[in-house]
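This report walks through selected local features of the structure shown below. Keep the sequence at hand while reading.

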Amino acid sequence: MAILKVNDVTKKFGSVTALDGISLEVRQGEIYGFIGPNGAGKTTTIRILLGIIKANSGSAQIFGMDAWRDAVEIHKRIAYVPGEVSLWPNLTGGEVIDLFVKLRGGHNKPRRDELIERFDLDPTKKCGTYSKGNRQKVALIAAFAADADLYILDEPTSGLDPLMELVFQECMREAKAAGKSVLLSSHILSEVEKLCDRVSIIRRGRIIESGSLDELRHLTRTKVRVQTAKPIPNLNDIPGVHDVEEFPGGFTFQVDSPRLGEVIRYISSCEITALESTPPTLEELFIHHYQREG
Amino acid sequence: MSRLFANTLALAGLIWRRDRIQIPIWVVSIAFWSAVLAAMLPSLYPPGPEREIIAQTFANPALISMLGPGYGLDNYHMGAIMAHQMLLFTAVIVAVMNIILILRHTRRDEEQGRIEVVRSLPVGRLANAASAVLVLVLTNLILGAAVAVPLALLGLEGMDWQGSLLYGAVLAATGIFFAAATLFFAQLTETSRTASAYAFAFLGLSFLLRAIGDISSEPLSVISPLGLVLRAQVYVNNYWWPVVLVLVAAGAPILVAFRLNTTRDLEAGIIPAKPGRRYASRLLQSPLGLVLRLEKTVVTCWAVGMFVMGASYGSIFGDVETFAQTSDLYKQILPSVEGFSLTDQFLAMLLAILSMIAAVPALQIILRLRGEERANRVEHLLAGAVSRNHLMAAFLVVAVAAAAVMQALSVVGLWLAAAAVVSDPFPLRETLAAALVYVPLIWILIGLAAALIGYFPQHTNLVWIYLGASLFTTYFGSLLRLPEWTKKLTPWGHIPSIPLEEVSAGTVFLSAITAAILMVIGFTGYSKRDIIR
């Protein structure tokens with residue numbers, strides 16, 4: 001079931017087209033990665049989903065309701081963390097967390113206190129004295145303390161240290177286990193890779209690729225390192241094989257993923273003694289897509 | 001020593017570059033209006049016995065409290081008139097300019113983390129503060145010259161070069177003093193908001209001290225920098241010592257500020273920030289609660305300020321009364337409104353002016369909605385289950401209520417002080433009712449601000465210009481004999497000056513309706529538009 005559905009959304013700021021026919025779909029219980037470089041349109045998409053700005057055309061729906069018209073109703077069931085968290089300098093972190101939870105219409109004090117403990121935040125300090133990471137923690141605690149059905153997170157971890165990053169991933173897995181859905185915009189690709197079921201890659205206001213990580217990997221090359229008893233003849237001439245390099249006793253090369261089976265069948269005739277195949281990392285995938293699109 | 005000031009000149013260049021538009025606008029507009037108003041004087045006050053009579057009326061305590069003591073009233077030439085009517089007002093504006101500019105380049109930059117980047121370069125610890133002082137001193141000197149030269153060139157009666165130069169020098173010295181004082185306040189607090197509250201409170205206090213002192217006690221007035229500079233008696237006796245004294249006095253806050261700046265941590269204040277609440281109070285659970293929480297300090301300070309201001313003006317009613325009783329001349333000149341005393345007329349004027357001052361905190365509150373949007377914080381609220389209408393309503397409710405409370409407080413203060421000094425005090429109930437008639441006018445400005453937020457979010461500051469124009473036409477409308485239509489451009493021109501005239505319930509109702517319509521326009525626009533920076 002689709003929790004969040006964006007269909008052919010276009011947004012212009014004056015003469016600049018920020019989004020050009022974007023479509024997205026987040027299903028119940030999945031963590032959906034939304035990746036792309038700075039300025040590609042991730043935040044604009046999210047702001048349309050929050051009903052903070054209005055799409056010029058197309059539809060953005062959450063829980064089957066219109067993101068602009070039914071914003072208040074929708075927001076009772078979502079939690080949002082912006083990438084750049086600005087808070088009121090003269091309010092404490094504790095006050096802001098309580099306010100945000102309250103505005104969403106819930107209150108779960110034990111959960112709040114547990115999260116403050118886990119994220120190691122001093123809630124008595126004024127927000128003006130917090131570092132970027134601490135401000136982000138305030139927003140994350142407020143988000144996870146709310147019993148939301150959908151989490152919209154816009155680069156939520158860019159200021160967190162590695163330990164806090166782990167706490168964040170834990171919270172995400174707990175949310176997923178509880179059947180919640182997440183739209184995670186990020187450019188920390190290792191994080192997306194660890195957490196997300198499906199991803200969309202956005203570039204200059206357009207979605208250039210969507211699907212599960214496996215499906216995306218299918219579109220790129222797999223790295224293979226092989227050692228064989230007999231030398232492999234004519235490796236360079238096999239269709240789908242690229243970047244062949246020889247080392248004592250074997251080869252490393254890249255294979256177009258759909259042809260991997262064929263290639264392995266061919267080299268297995270040479271008595272494989274060792275074989276390593278590495279699927280492309282999301283980072284490689286990402287760079288591949290960007291370079292391909294020029 | 002030189003290490004502390006390394007690269008000061010380069011930073012001063014940066015300030016010039018950043019303010020290359022703002023500073024010239026301040027300087028040119030102050031100089032331009034001074035010249036224009038001076039040029040208008042001869043047609044307003046033609047020579048002859050009538051002018052001498054007018055001069056005598058200006059010696060009344062009510063006008064002294066607002067304009068400063070009148071010098072040269074026995075020979076009330078153009079120079080004396082200019083210095084008496086315009087110098088104090090202009091000096092206050094110059095002080096405001098200096099407060100804004102100094103904070104912008106010291107505490108505000110520091111708060112925004114920009115000084116941190118600058119200090120990571122080979123730049124002295126005092127270079128930033130020193131560059132701000134340097135630029136502001138130069139700006140004030142240029143401003144002084146820009147005002148003085150046109151005044152002298154106009155060649156009006158009594159406005160010679162020496163007096164004009166002193167006129168400019170008084171403005172420059174006042175500016176430098178308030179720049180210095182603000183630099184000191186900027187060291188005390190962690191936020192520029194608090195520092196600006198201190199600085200403006202200091203300016204307000206200086207004005208009040210002078211108002212009370214000019215009427216009852218000369219030494220009290222001389223303690224105030226604004227009172228001191230007026231002792232230069234520009235165009236009459238042309239004393240330079242007050243200018244010198246103010247400039248020397250400005251050295252002290254600068255030295256203390258430098259000392260504090262070298263010893264304190266970057267981004268720290270001298271007044272320490274104490275740990276705050278672990279949990280939000282019961283109040284802070286809704287947009288309305290948030291607005292109240294955010295505005296708590298500002299509203300409290302304004303409330304106290306309005307009360308004190310009202311009381312200060314109230315305290316001079318005794319002198320106004322005595323003057324009215326003893327001055328036959330006055331009775332001859334201002335019999336215009338039959339059956340009403342000078343105190344009544346003064347009270348009417350005061351109530352109007354107090355309501356315009358009460359509009360300042362009310363407008364600050366509603367404009368904060370836009371400020372929150374600019375600071376990217378509105379999205380937290382709208383991402384919660386809060387509608388645009390709900391959010392705007394929270395700010396409007398607080399602003400509308402603040403307008404009424406501020407006006408009421410100032411009047412209560414005024415009445416309490418006046419009742420203590422006047423033999424036959426005016427009744428509190430009627431005065432309060434008369435004062436509250438002005439409240440819907442403040443609401444109109446609040447409505448205008450809301451409408452701007454809804455449809456022209458980039459131009460919300462227009463409402464300040466409108467308030468400034470209202471203040472100007474009310475304060476100076478009669479003195480400068482501005483045409484009647486200029487008054488009618490502002491809401492205040494449409495309200496009868498009670499208690500002199502009948503209060504028409506219709507006018508009050510109409511103002512409230514106008515305000516409501518503007519607010520509805522604001523709601524409509526705000527819920528339709530994109531949230532932007």
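B:Asn7 is found in the segment before H1 of chain B. B:Asn7 has a positive phi of about 65 degrees, although it is not a glycine. Most residues other than glycine have a negative phi. With a relative accessible area of 40%, B:Asn7 is partly exposed. Buried means under 20% relative accessible area, exposed means over 50%, and partly exposed lies in between, with a 1.4 Å probe and protein chains only.

This is a predicted model, in which local features need pLDDT of at least 70 and side-chain atom pairs count only at pLDDT 80 or more, while totals for chains, interfaces and linings use all residues. Residues are numbered from 1 along each chain as its sequence is written, chains are lettered from A and ligands numbered from 1 in the order in which they are written, and side-chain values use heavy atoms, with hydrogens and water left out.

**Chain A**

Chain A has 10 helices and 14 strands. Both are DSSP runs numbered from the N terminus: helices are H or I with at least four residues, strands are E with at least two. The C-alpha atoms of chain A fill a box of roughly 70 × 45 × 35 Å along the principal axes. Of the 294 residues in chain A, 52% are buried.

A:Phe63 also has a positive phi, about 50 degrees, and is not a glycine. It is found in the loop between strand S4 (57–62) and strand S5 (65–66) of chain A. A:Phe63 is buried, with a relative accessible area of 16%.

A:Asp214 is found in helix H8 (residues 213–218) of chain A. At 58% relative accessibility, A:Asp214 counts as exposed. Its C-alpha atom is separated by 9.4 Å from that of A:Asp197, 17 residues apart along the chain.

**Salt bridges**

The structure holds 34 salt bridges over all chains. A salt bridge is a side-chain nitrogen of Lys or Arg within 4 Å of a carboxyl oxygen of Asp or Glu. Three of them are tabulated here.

| Pair | N to O distance |
|---|---|
| A:Glu174 and A:Arg118 | 2.9 Å |
| B:Asp214 and B:Arg210 | 2.5 Å |
| B:Glu373 and B:Arg529 | 2.7 Å |

A:Glu174 and A:Arg118 meet in a salt bridge. A:Glu174 lies in helix H6 (residues 162–177) of chain A and A:Arg118 in helix H4 (residues 109–118) of chain A, so the pair ties together parts that are 56 residues apart in sequence. A:Glu174 is partly exposed, with a relative accessible area of 34%.

B:Asp214 and B:Arg210 are four residues apart in helix H10 of chain B, so they are separated by about one helical turn. Both B:Asp214 and B:Arg210 are buried.

B:Glu373 forms a salt bridge with B:Arg529. B:Glu373 lies in helix H17 (residues 342–374) of chain B and B:Arg529 in the segment after helix H24 (505–528) of chain B, so this pair joins parts that are 156 residues apart in sequence. B:Glu373 and B:Arg529 are both buried. Salt bridges that share partners also join A:Arg111, A:Glu114, A:Arg118, A:Glu170 and A:Glu174 into one network.

The expected span of a helix is 1.5 Å times one less than its number of residues. Helix H9 (residues 161–188) of chain B has 28 residues and should span 40 Å; its end C-alpha atoms are 41 Å apart, which agrees. H9(B) is mostly covered, with 24 of its 28 residues buried. Helix H10 (residues 192–216) of chain B has 25 residues and should span 36 Å; its end C-alpha atoms are 36 Å apart, which agrees. The buried residues of H10(B) include B:Ala195, B:Ala199, B:Leu203 and B:Phe207.

**Aromatic rings**

The structure holds 12 aromatic pairs over all chains. The rings of B:Phe184 and B:Phe185 have their centres 5.6 Å apart and their planes at 55 degrees, so the pair is tilted. Rings of Phe, Tyr and Trp (its six-membered ring) pair if their centres lie within 6.5 Å; planes under 30 degrees apart count as stacked, over 60 as edge-to-face and the rest as tilted. B:Phe184 is partly exposed at 25% relative accessible area, whereas B:Phe185 is buried at 14%. Ring pairs link B:Phe177, B:Phe178, B:Phe184, B:Phe185, B:Tyr198 and B:Phe202 into a cluster.
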